[in-house]
Amino acid sequence: MTATAPAAEATVRKSPPGAARGPRRRTGRIRRIGLPYLLLLPALLLELLVHLVPMVIGIVMSFKELTQFYIRDWGTAPWAGFDNYSVSVDFDAPVGKALLHSFLVTVAFTVLSVGLCWLIGTAAAVFMQDTFRGRGLLRALFLVPYALPVYAAVITWVFMFQHDNGLVNHVLHDQLGLTDKPSFWLIGDNSFVALLTVSVWKGWPFAFLIVMAGLQNIPRELYEAAALDGAGMVQQLRRITLPSLRPVNQVLVLVLFLWTFNDFNTPYVLFGKSAPEAADLISVHIYQASFVTWNFGTGSAMSVLLLLFLLVVTGVYLALTSRGRRTAL
């Protein structure tokens, strides 16, 4: 008994001080690292249920001959293979030709809308950098179109575009005399202009908000030094503002592109179920192919093709912008 006690004491003394606390520290570190992911898990599961499950179902539907006769039990619809895709990309046939026309209209609409939103938002953000009386109120007014609900805003524009008693014709024809007669804005070729107007009015405040936030990170000393060197406002914009905003603009343009290309609410509320040919965006076209003609298989194939196109464009855009950043560095 007397010999074992000193040996035990020597063993305890030889063991390092943190040997017993090591596993506890590792366990606490794992808990701290895993807790944020555990808290995000419910939101991630709900996101997967809301987006991923319908996406998978839509892909499966695109390979089926799903019409109104199989809506009650769509799982019993016969398999069509790639026939729905073949019909969609056959640009000599009526279905493919109409889809191609809708795609070209959507591309033109997206390019103009994104370009105008970015241009107006950037100009407004640069203008708002200087301090003047009423700047806070003006900023709040600029954000009103972005804060309004889409349906309420677009329905208001529908009333404004009315042929007989709309505000647009009243101002352009009655007050300013710019047109020979009141125009039809919701049908014909003018529908594209009406849709573009509503889209830009609704989207440019988002660009203004993002660019204004990006301008806060540019040191004012750069502008002061450029002014001392004799650089004017245009030179400061080209040499300081736009290069400094390049990372912000890259993300902004991508987000605006995806939102505008997929926009369904604006044309649907503005024109209803059947959009005019000049404003036949691909989102409404796919809706008509699915829920108006009751050909859900073809509509699903068009949706998958649209998804693939957006994935390719996004991948190419990210690759080009990342290469541009590495070149600049």
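Helices here are DSSP runs of at least four residues, numbered from the N terminus. The model is predicted.

Helix H4 (94–127), H10 and H11 each supply at least two residues of its lining. H4 gives the largest share, six residues. The pocket holds about 410 Å³ of space.

Two packed helices are described by the angle between their axes and the distance between the axes. Helix H10 covers residues 220–228, and helix H11 covers residues 233–244. Their axes come within 11 Å. The crossing angle is roughly 150°. Angles over 145 degrees count as roughly antiparallel. H10 and H11 are therefore roughly antiparallel to each other. Their crossing is right-handed.

Which residues of H10 and H11 meet? From H10 come Leu 222, Tyr 223, Ala 226 and Ala 227. From H11 come Gln 236, Ile 240 and Thr 241. By class, the contact has five nonpolar residues, two polar residues and no charged residues. In the helix pair, Thr 241 is one of the H11 contact residues.

The largest pocket has a volume of about 820 Å³. It is lined by 23 residues. Nearest its centre lie Asn 262, Ile 286, Ser 303, Val 304 and Leu 306. Three helices each supply at least two residues of this lining: H2 (22–61), H14 (282–292) and H15 (296–328). The largest share, eight residues, comes from H15. The lining of the largest pocket divides into 14 nonpolar, eight polar and one charged.

Definitions and conventions. Residues are numbered from 1 along each chain as its sequence is written. This is a predicted model: local features need pLDDT of at least 70, side-chain atom pairs count only at pLDDT 80 or more; totals for chains, interfaces and linings use all residues. Side-chain values use heavy atoms; hydrogens and water are left out. Axes are lines fitted to C-alpha atoms, for helices over the stretch in contact, and angles run from 0 to 180 degrees between N-to-C directions. Angles under 35 degrees count as roughly parallel, over 145 as roughly antiparallel, 65 to 115 as roughly perpendicular and the rest as oblique. A crossing is left-handed if the near helix is turned anticlockwise from the far one by less than a right angle, and right-handed if clockwise. Contact means heavy atoms within 4.5 Å. Ala, Val, Leu, Ile, Met, Phe, Trp, Tyr, Cys and Pro count as nonpolar, Asp, Glu, Lys and Arg as charged, and the others, Gly among them, as polar. On a 1 Å grid over the protein atoms alone, a cavity is a set of points where a 1.4 Å probe fits but cannot get out, and a pocket is an open set with protein on both sides within 12 Å along at least five of seven lines; lining residues have an atom within 4 Å of a point. Grid points are joined across faces, edges and corners, and a volume is the space filled by probe spheres set on the points.
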